Amino acid sequence: MSADDNFENEFFGTEPHVTMMQRSRDLWALLRDNPIYSNYGRMLSIVGSQGDNDAERLASLVRLAGAASFHYYPADKADALVARLTTMGLSAGRWEKQWGGEDAYNAAKAIIKNSNLPSDIKVLRLSADTSAELVRATAQLSMDCGVMPTPGLSMRGITYKGICLAAVDETGRPVATASSYKNMHPDNQYADHGFWGALATHPDRRGEKIIGVLGAMALTYMWEEHGVRGFFTAVKQGNAGSMAVCGKQAVLPTKWAAVAATDPNHFGDTPLTK
């Protein structure tokens, strides 16, 4: 039995989120060889504008899976795309795309060198050897902070080249988590880029700079071990806390946006992620 078989049903979140991720996994088996598509376990994404039928293309994915998104979408066209998707009966929104390259890697190394974690904190990289309880608790921490977790196969670094870190206290409770995944097709123009983020900290441990160190560790790992040379994340406009963390990591505003949509018939009023 492969590691994939052991953890293939390790999904987290509300029933709409879990069903969406399962459908996206199955669709990915059909679309993974097409370089315009991207995935790291949460939902399928289209990379960059594909022309006049962007709304129709995304809507097709949304109606099949329940949710889908665009990466690297031109920021000056994002509002029009959101409006078009809304007229098609979907719930759509935009997130501001943040990106960092070598400056982000250098900033991450400096953060690690100049920061000290609290004495009760130990950082663990989730893997095939990690207990189901810790993976589940880390996913729950993300959900409690309004962040959609990836499936266990992603968190454990099995299906995709990536890393999920958990900072645990002396009781073994995860109090912060950060992730990064290399999620682009090798023939895509952004082949050496990867997602970075999914940052979450338990409310009673905020202000201790734990998440900054975790984010830096995830970023340096992906640069050094998997050759990622561009790191992107997406932040809702007005989310000053996330913007500040990104700024310290030199993951900065860009000319791109992310646009995501959900099918109200599937998600109802359930939010996708913050």
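**View 1. Elements around the largest pocket.** In this predicted model, the lining of the largest pocket takes at least two residues from each of S3, strand S4 (91-100), strand S8 (193-201), helix H8 (210-226), strand S9 (230-235), helix H9 (240-248) and S10. The volume of the largest pocket is about 990 Å³. Its lining counts 46 residues, and those closest to the centre are Ala198, Leu199, Ser242, Val245 and Lys274. Sorted by class, the residues of this lining are 23 nonpolar, 14 polar and nine charged.

**View 2. The largest cavity and its lining.** The structure holds one cavity of 30 Å³ or more. The volume of the largest cavity is about 90 Å³. It is lined by 15 residues, and Ser142, Pro149, Thr150, Ser179 and Ala198 are the closest to its centre. Helix H6 (132-144), strand S7 (174-182) and S8 each give at least two residues to the lining of the largest cavity. S7 provides the largest share of that lining, with three residues. The classes in the lining of the largest cavity are nine nonpolar, five polar and one charged.

View 3. Most residues other than glycine have a negative phi. Ala198, although not a glycine, has a positive phi of about 50°. Ala198 is placed in strand S8. With a relative accessibility of 19%, Ala198 falls under the 20% limit and therefore counts as buried. Ala198 also belongs to the residues closest to the centre of the largest pocket, and to those closest to the centre of the largest cavity. Ala250 is likewise not a glycine, and has a positive phi of about 60°. Ala250 is found in the loop between H9 and S10. The relative accessibility of Ala250 is 16%, so Ala250 counts as buried.

View 4. Strands of a sheet pair through backbone hydrogen bonds, either parallel or antiparallel.

View 5. Strand S3 covers residues 67-74, and seven of its eight residues are buried. On one pairing, strand S2 (residues 45-47) is parallel to S3, with three bridges. Ser45 stands opposite Ser69 in S3. Between S2 and S3 the chain passes through helix H3 (residues 54-65), and this β-α-β crossover is right-handed. On another pairing, S3 is joined by six bridges to strand S10 (residues 252-262), and the two run antiparallel.

**View 6. The stacked pair Tyr105 and Trp223.** A pair of aromatic rings is described by the distance of the centres and the angle of the planes. The structure holds nine aromatic pairs. One of them, formed by Tyr105 and Trp223, is stacked, at 4.6 Å centre to centre and 5° between the planes. Tyr105 lies in helix H5 (residues 102-114) and Trp223 in helix H8, so that the pair links distant parts of the chain, 118 residues apart. Tyr105 and Trp223 are both buried.

**View 7. The edge-to-face pair Phe195 and Phe232.** The rings of Phe195 and Phe232 form an edge-to-face pair, with 6.2 Å centre to centre and 70° between the planes. Phe195 is in strand S8 and Phe232 in strand S9, 37 residues apart, and the pair links distant parts of the chain. Phe195 and Phe232 are both buried. Both belong to a cluster linked by ring pairs, together with Tyr40, Tyr72, Tyr181, Tyr190 and Trp256.

**View 8. Thr86 and Ala261.** Thr86 is placed in helix H4 (residues 75-87). The relative accessible area of Thr86 is 45%, so Thr86 is partly exposed. From C-alpha to C-alpha, Thr86 and Ala261 are 8.7 Å apart in space, while 175 residues separate them in sequence.

Notes:
Residues numbered from 1 in each chain as written. Predicted model: local features only at pLDDT ≥ 70, side-chain atom pairs only at ≥ 80, totals over all residues. Heavy atoms only, no water. Buried < 20%, exposed > 50% of the residue type's maximum accessible area, 1.4 Å probe, protein only. Helix = DSSP H or I, 4+ residues; strand = E, 2+ residues; numbered from the N terminus. Pairing = 2+ DSSP bridges. Right-handed = clockwise from strand over helix to strand, strands pointing away. 1 Å grid on protein atoms, 1.4 Å probe; cavity = no way out; pocket = protein on both sides within 12 Å on 5 of 7 lines; lining within 4 Å. Points joined across faces, edges and corners; volume = space filled by probe spheres on them. Nonpolar A, V, L, I, M, F, W, Y, C, P; charged D, E, K, R; others polar. Phe/Tyr/Trp six-rings, centres within 6.5 Å; stacked < 30°, edge-to-face > 60°.
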